[in-house]
Amino acid sequence: MSKARKEMPKKAGSVVAERSDRAAVSRALWKGLVRFNREQAGPFRYKRTVLSVRDGKGRLLGGLILQSYWLESYIELLWLSARARRAGFGSRLIEEAERRAQRRGSRLIHLNTYSFQAPGFYEKQGYQRFGGMSGSPPGESRHFYVKRLRAI
């Protein structure tokens with residue numbers, strides 16, 4: 001006795017891990033997503049701002065990368081070298097990022113940080129935790145923060 005099987009329609013294509021030109025494929029993927037997002041939600045008004053902290057000789061001590069789009073901004077990273085920490089530079093970077101975000105019309109600013117990085121620092125800056133996850137890396141957790149910005 002044979003059972004009849006329904007044939008599933010074959011879909012064209014396959015999933016592959018890019019090996020030869022990952023940068024070009026990444027650009028094409030981003031271009032596709034940006035085009036879709038613009039069609040759905042209007043112009044991005046994307047801007048990337050890089051702020052740095054330098055010593056008297058011009059050496060990089062740290063900085064912040066801010067991405068802004070639509071009515072929000074995202075702190076992609078904030079890093080300070082060991083010798084620049086606890087000298088007020090982190091707060092100054094956050095203040096400047098928030099000022100620039102407000103000036104361009106962002107209504108909120110968000111970021112994520114790990115438990116071994118600076119969750120307490122961001123809370124002191126007025127950021128509210130809105131989510132998290134634990135176990136990656138083992139024994140640590142990741143925290144997601146947001147801060148509402150007043151319109152100027």
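What radius of gyration does the protein chain have, and what would a compact globule of 152 residues have? For the protein chain the value is 21 Å, whereas a compact globule of 152 residues would come out near 15 Å, where the radius is taken over C-alpha atoms and the globule rule is 2.2 Å times the number of residues to the power 0.38.

Before I go on, please keep in mind that this is a predicted model, in which local features need pLDDT of at least 70 and side-chain atom pairs count only at pLDDT 80 or more, while totals for chains, interfaces and linings use all residues. Residues are numbered from 1 along each chain as its sequence is written, and side-chain values use heavy atoms, with hydrogens and water left out.

Let me begin with the chain as a whole. Its C-alpha atoms fill a box of roughly 80 × 40 × 35 Å, taken along the principal axes. The protein chain has three helices and six strands, which are DSSP runs numbered from the N terminus, with helices being H or I of at least four residues and strands E of at least two. From the N terminus on, their order is α-β-β-β-α-β-α-β-β. Buried residues, meaning those under 20% relative accessible area with a 1.4 Å probe and protein chains only, make up 31% of the 152 residues.

Now to the pockets, where a pocket is an open set of points on a 1 Å grid over the protein atoms alone, at which a 1.4 Å probe fits, with protein on both sides within 12 Å along at least five of seven lines, and where lining residues have an atom within 4 Å of a point. The largest pocket holds about 630 Å³ of space, a volume being the space filled by probe spheres set on the points, which are joined across faces, edges and corners. Its lining counts 23 residues, and L78, R85, Q117, A118 and F121 are the ones nearest its centre. Two or more lining residues come from each of β3 (72–80), α2 (89–103), β4 (108–114) and α3 (119–124), with β3 giving the largest share, six residues.

The second largest pocket holds about 210 Å³, and its lining consists of W30, L33, V34, N37, F44, Y46, Q67, Y69 and W70. Here α1 (22–41) and β2 (60–69) each supply at least two residues, and the largest share, four residues, belongs to α1.

Conventions
Buried means under 20% relative accessible area, exposed over 50%, partly exposed in between (1.4 Å probe, protein chains only).
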